[in-house]
Every structure is written in C-alpha cells, then in structure tokens.
Amino acid sequence: MTSSAHSSALFSSPAIRWGGVALLVVVFWIVFPPFRIVSLDESGKAPAKGDESEVFDPAGFVDRFWEDRLEPNLGEAMKVEELLAALVVDPLEARKRYGLYDSRYYFAQGSGDVVEIKGRKAMLEVEGRIISLLIASPVFGNTVRDGTGLLSVNDFSGLEAFNAVSAVLNTKVETEVMPSLQESVKVGATVSFVGCAKAPETLGEGALLEFVPLQVEVSR
Amino acid sequence: MKRLASIPTLITSLFAVCTLLLSGCSGDGSSDSASSGSGRVAVVVSTLNNPWFVVLAETARDKAVELGYEATIFDSQNDPAKESVHFDNLIASGYDAVLFNCTDAEGSIANVRRAKDAGVPVFCMDREITANDVAVSQILSDNYSGCVALGEYFVETVGEEGEYAEILGIIADTNTWNRSKGFHSVVDRFPDLKMVAQQSANFDRAKALEVMESILQANPNIDAVFCGNDAMAMGAYQALLAAGKADEVKVFGFDGADDVVKSIADGKITATGMQFPKRMAQKAAESAHEYLNGKRGFEQRILVPVELVTEENVSNYGDSGRK
C-alpha cells in the first residue's frame, strides 16, 4: 500500500474526518473568538480601549501640574490684606473683582498671627481681621482644584477625570503640605501661607475666609 | 445604473416618511408644540416621568419660544432606542438645533454625532456625554461639588458613626457616579460610617420604593439613606413611612425638586442639592440662539454650581431654584 493510499483510507474514516473538522473549528475560535470576556469597572463600564497611554492618570497629572504650573504661580496669588479690605466693604463686589473660577474662589497669600486653634483650623489675625487656615486632614471639595484658576474642566476629557484630579490634589495637600502643621502651628506663631478659599456671598460670624493651604511657613 | 442609484434615495425617503408618520402616531414622541418662529428647536429629554426633567424640558422649550423659535419636546422615556428614533425624526424633519438631555453618557454620542454630521447643532443640558467634539456645548450641574457639600452635611447630621444605604441612579449616566464619588469622597473618610447597601433604582421613584423596602428587610437598623436624586429620595421616604421608620432614618436627595424642598421644610427629608434646572435650560436655549445667529467658540463644558438645601436655609429656595 502506498502512503497516499494509506492517508486516503485514514481520512475516509468518518470519525477522523469529523474530528478534523472539530479541530479546525476550535482553532478558528481561538484565533477569531466570537466574543471576549472583560471585567467591568465599578460603574459598570468596560475598561477603555487602546494602549495604557490613553488612560488618564490623575496622580501623574497632579504631580506635573504641581511642579510645572502651580509652584511657579504661587507668587501670583493676591495679597490677603487687600482681599480682606475689599471683602468687608462688599462681599459680592469682592467676588466679582477678585474671584476666580466663575467668581467662586480666591487665591491669596499673606501672613498672620495664630490667635486660636479650633479643631483642624488655625485662626489667624491679619491686620485685625480673622481668617482660618486648615492645618489637618481631611481636605474635602474642589477648593484646591478650582481655587487657583489654573485648571478648567475643558482641559479634560470629561467630568470624571476632572473630579479625579480634585481628589488627588486634596490628598497631595494632606500628605505634602499639612503633615507638620499640627505640631508647628501654635497660638502665638506667625504663619505665612499661600492658599485658596471659597468666596462667600455674605459675611457671617467667625473667620472671614477659610483657606486651604498650598504652601506654609511657620515662625515664632 | 440610473435605476440602481435611485434605490438608496428611495429607501432613505421611505424611512424618513415612515419615521415621521410613526412619530405622529406613537404618543411617546413629540408631546408638545409651540408657536412658529425663525426656525425649529427640538428639546430631547431623557424622561418626562420625573417632575425635575419636566421643568428642564418645559423651560428649554419656553425659552426657545421666547427667542422666536417653534419648539417641540421629545420624551425618550429613559430608553436609548427611543432617543435614537427621535434624532432620526428631527434630522429628517429639518430641525435647526437640539437642546438635549441624554439617556446614556456614551450611548448617546452616536445620536449627537449624527445630528452634527447633518448640520444640526446639539446643546447638552444637565447630563454629560463623554465626548468633546460632537456637542456644541454642555451645560452641566457641578454634581461632584454638590455631593461633597451634601456628604459634609451628612456627616454633620448623621454623625461620624452609623450605618447607611445608598440608592444609585442610572448606572450608565455619569451624573450617577459624579454624585456618588463626591459623596463618598467625604463619607468614606469616616471608617465608622458603614455603607451596608448600595443599589440602583434608575432615578425612579417607584423603583426606589421597592429598593428601599428590600434594603430595610436586610438592614433594619440603618441611620440614613443617600439617594442619587430627589425622585428616589421621595420613593425611599415612602418606604420608610410605610415601615414606621420615617422618623429614625434620615433621607438625603439631590436635584432640588419642589416636592423635596417642601419636604425639607416639613422636616421629612434632611437635605438635597439644588441643581437649577431652569438656569441650565435657559442657558442652553440662549446658546442655541447665539449659535444660529453666527456665534462660535463655545466652551465645551460649563459647570453650574449646586447649592446645599437644608432646614436652615430652605426658606430661600422654591420653584426649582432660589426664590
């Protein structure tokens, strides 16, 4: 029997023929899968397509932003004395004139003497007026993200990325600006700071503004 | 050849005629019409089954009419398929602009792109689509910030320890997650505040009632419930009332719907976030008017601040905004 006649006989067996077909189908399915299983994230969405470089990295963005844009601009923050003088005359006019990010925040620098520690806040006296400075975590909200006027929602792919940046910025303030403040900021100390604060529409009792610090120096 | 070339045109024409006829017969399509003007504006809204969205849609329509346009409201009934048909209809019918409240942040992008390709500008209201190059602009609530404030008030009123439940909105809507993440950015910092249940009720009042009932069966000792919108807050409150727990469990909503603002004044609901639907709708209509008159260079996203409404300041709010 020749080898060709042998293989003919082999493939003439129905079992082997169907087995071959099945094998081909399996190989085809492996090479061209009709579906694939992916894990959904907590919001029920599939992970982003494309390579990793397309996935927004809020921590990396914040590190670059802090070093390349925020720190070089800290000196541009307005003088807190000037802001407070405008605020006590007319809070709404002060918002219009000095407010950033749709007039909702202030970006200011200055120094004051610590007159009281109230929980996580130090109360500072600046030319006879009282402001507060947050000296311990947690930091909530978008005051840091929006208060400098350096970031806009339109710089990002969407609100999810923009909000993620806010959370990372708050963590950065907690871990890199605040750690030593609770020990060093005492009544009687002089504190120089650059920070952001929400712009009030009216003035209540207590501190005129509540600052979240971006940079702090403490001296006796 | 000439005969072959005419077939696609014939199919397109037939499709346009059919969709127009269907929209006229369905009852779920155009629900209202106003006076004629210098053009036609479509208001496509995710649902009219929620009073908050009725305010949004009707304000957008009324502002468009005030600006001289004929305006029609299309109700998508929270169904992306219906929304898609509405876009087919309004493109085929030659509308000049769309004021749009989407059903799905990603799924709705294709509809907006289709309109854009047909030369119909789209202005999103309240709900975001996750693309930067299809809508002319998106006027959106700052949900995250609003829920940060709500989270801080939650901790202040519920305390730094206890059990609570969260009722989420539509899973595919970015508002659902912007609200939830804003809330959790605060509450999760207090480890003794434990979330014992988290479930979606699709922003729907009746569904929230069911969800709250089942949450209460498994977790009878919760201290509070945070709901992703006011309709769900009202549904949750109804369930708590029926279970005799309305005085024990604090309910937090989000939207600033009139019935919830009144319920805060009555001491039934603890707090909500006021979203200003009228402000967003009017801004969208004004933007469309400016665009149709030649203005370009709109910001892609405009965030409208959300304000915390509590029993302390509820007297300042009503009629879907500040008094």
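Helices here are DSSP runs (H or I, at least four residues), and strands are E runs of at least two, numbered from the N terminus.

This is a predicted model, where local features need pLDDT of at least 70 and side-chain atom pairs pLDDT 80 or more, while totals for chains, interfaces and linings use all residues. Residues are numbered from 1 along each chain, chains are lettered from A, and side-chain values use heavy atoms, without hydrogens and water.

On the helix 3 side, B:E83, B:S84, B:F87, B:D88 and B:I91 make the contact (heavy atoms within 4.5 Å). Helix 4 answers with B:N111, B:V112, B:R114 and B:A115.

Now let's turn to the neighbouring chain. In all, 24 residues of chain B are in contact with 25 residues of chain A. The two chains bury about 2,100 Å² between them, 49% of it on carbon and sulfur atoms; this is accessible area (1.4 Å probe) lost on being put together, summed over both. In chain B, B:Y144, B:R189 and B:L303 lose the most area to chain A, together 26% of what that side buries.

The chains also share 4 salt bridges, meaning a Lys or Arg side-chain nitrogen within 4 Å of an Asp or Glu carboxyl oxygen. One of them joins A:R104 and B:D142 (3.8 Å, N to O).
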